[in-house]
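Reader: Could you take me through one part of this model closely, and then show me how other parts of the chain look beside it?

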Amino acid sequence: MNYFLIFIQLLGGLGFFLLGMDQLSSGMKSLAGRQMRHVLEKFTATKGGGVVFGILLTVLFQSSSAASVVMVGFVDAALLSLGQTLAVMLGTGIGTTITAQLIAFKLGTYSLGFVGVGFLFKAFGRRRWSYSGKIVMALGILFYGMDLMSSGMEPLGSMDRFTKWLVYLQNPVWGVLAGTIFTAMIQSSAAFIGIVMTLTATGLLSIADALPLILGTNIGTTVTALIASMNSSIGGKRLAVANTLFRVAGVLIMIWLLGFWEHITWAVSGDKASGGRFLANAHTIFNVFMTLVFLPFTGIIGSIVKRIVPERKKETFNLHYLKPELIGSGGMMLPFLKKEVSDMGRLVIQMVDASLTPFFSRESKVLDDLRSNEKMVDNYREEINRFLVSMNEKMSAEEWSDDIYRFLHVVNELEQIADIVSVNIARQGEKWLDANIHFSEEGGRELCDYQQRCVKQLARAMQLLEDWEPEKAMKMKRKYRKYALMAYEMEMQHYKRLLAPSSRSVESSKVHIELLNLLRMINSHATNIGRMVFMEEEGN
């Protein structure tokens, strides 16, 4: 017995089957996909409509796994609520049984005829006829794959190892486990059911032993949605977990009712039904049963899932000094406002001081810290503004001290500095870390020197909030002019190095100039804070 040829035929048959499934899905989408948006809005308003939509969605995708992934996307995009999608997920289970019913027709002998006729309609038909031809051709490919797998499995009956392995499947628990694993591996419950049908048709597996495998497919098909939900929103995660709960609960119920399930299926199928038709009907009965049992309890399931996958608690930001009790206290709140702005300023100074670290230590974590600190700066601004808006409701803006407006100006300047660091400098930092380039020794030293001067200028500005001395403000103004001229001279020195023989600055030139300009902007914003003081003196 040539085991390699058996393996090749089984693998090729599975490949044709999955190709047929893919083409069938593509044809269905082309034929009816344009109407799905209207169907979505119409059917998901009620639980029953949601089940119908789930059936239609699975018919289009020819895979409950793929349909589940789409539903995770719907929830993630807030197109559907969790409650609406739970009914849809139950419908996807029924939808996947339609494919199994098609597979149960023994049309392998006519499969190539389907392919030929379908190709003619697809090649020469227009629009709907072309789409219909694609569907017929896909069915032919699918049936041909089934036929290949069936003929490939026949020799396995004489393999002792294989038949001994099948004995383990007589244990329902092992059968469910095997069905779960294999379905998760090929990510298609219909494909695995097709394999189980082939095993029963060739006499390798009894119908009673096949039922637990069918149950296992219903759990295995949830794996894809669980994987897809890992990077989705909280709603997507909840939907994937709910889908798994439905399937696992249904399997746990039915595994204790295997004899009753088999009896009902024989009653529906008739004594003359083939093994394939019996399994297709059993699959349908299970999913219809599960839908009828769980549909009334989707709300309860949703509540359970919300406990299993709780909403992540957002880290709330609260001001340290400006408390609600101070609203309406007028000038009494000014010292507290000054403290909040001072804390905000210290955070921005830290950001400026660390802004060039990634360019020299090449630590990517610093970029994350800068962005995190920028969010804190935004929180300061939002909470201070919210406090002042609330205060405006208690007292007229005409009663406000001019100092309040000055502090708001400072808050605005600090936020702009934080944005320059977390957005512009951080973006340059990302490019720098991805490239293997370095500053020249002199160029790097100049950048660090200018950065520290910006830090000092910002520190001087924040000190002015404490003492409000015009002389120090004028000193800041003189420093600004000095630093502006220094930045110009550093730029000229950089160009000289750039044009020198054997220059090491060519690759880093663009980043160097960009950083110098950004630091110059920070220097300007810092000086704007001090400008308030001497402008007030000039006004007086």
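Author: Let's start with H10, a mostly covered helix in which twelve of the 13 residues are buried. Buried means under 20% relative accessible area, exposed over 50%, and partly exposed in between, with a 1.4 Å probe and protein chains only. Please keep in mind that this is a predicted model, in which local features need pLDDT of at least 70 and side-chain atom pairs count only at pLDDT 80 or more, while totals for chains, interfaces and linings use all residues. Residues are numbered from 1 along each chain as its sequence is written, and side-chain values use heavy atoms, with hydrogens and water left out.

The buried residues of H10 are Ser189, Ala190, Ala191, Phe192, Ile193, Gly194, Ile195, Val196, Met197, Thr198, Leu199 and Thr200. From its first C-alpha to its last, H10 reaches 18 Å, close to the 18 Å expected for 13 residues at 1.5 Å a residue; that expected span is 1.5 Å times one less than the number of residues. After H10 comes Gly203, with a positive phi near 80°. Helices here are DSSP runs of H or I with at least four residues, strands are runs of E with at least two, and both are numbered from the N terminus.

What does H10 pack against? The axes of H10 (residues 189-201) and H11 (residues 207-220) come within 10 Å and cross at roughly 175°. These axes are lines fitted to C-alpha atoms, for helices over the stretch in contact, and angles run from 0 to 180 degrees between N-to-C directions. On the H10 side, Ser189, Phe192, Ile193, Val196 and Thr200 make the contact, and on the H11 side Ala210, Leu213, Ile214 and Thr217 do. Contact means heavy atoms within 4.5 Å. Sorted by class, this contact has six nonpolar and three polar residues, and no charged ones. Ala, Val, Leu, Ile, Met, Phe, Trp, Tyr, Cys and Pro count as nonpolar, Asp, Glu, Lys and Arg as charged, and the others, Gly among them, as polar.

In H14, Leu258, Trp261, Thr265 and Ser269 are buried. Down the axis of H14, these buried residues fall within an arc of 60°, so they line one face of the helix; the arc is that of the directions from the helix axis to the C-beta atoms. An α-helix has 3.6 residues a turn, so residues three or four places apart point the same way. Turned away from the buried side, the other face of H14 carries the exposed residues Gly259, Phe260, His263 and Ala267. Just after H14, Gly270 takes a positive phi of about 90°.

H16 (residues 298-308) can be read in this way too: Thr298, Ile301, Gly302 and Val305 are buried. Their arc seen down the axis of H16 is within 100°, so they line one face of the helix. Ile300 and Arg307, on the other side of H16, are exposed.

His512 lies in H23 (residues 509-539) and is buried, with a relative accessible area of 2%. Beyond neighbours within four places in sequence, His512 is in contact with Phe439, Gly443, Glu446, Leu447, His494 and Arg497. Gln428, in H20 (residues 402-434), counts as buried at 11% relative accessibility. With neighbours within four places left aside, Gln428 is in contact with Phe359, Val511, Glu514 and Leu515. Asn424 is also found in H20, but at 28% relative accessibility it counts as partly exposed. Asn424 touches Asp419 and Leu518, not counting residues up to four places away in sequence. Asn424 and Leu518 are 94 residues apart in sequence, with 7.6 Å between their C-alpha atoms.

Stepping back, the protein chain has 23 helices and zero strands. Of its 540 residues, 48% are buried. Among contacts with a separation of 6 or more, 80% join residues 24 or more positions apart.
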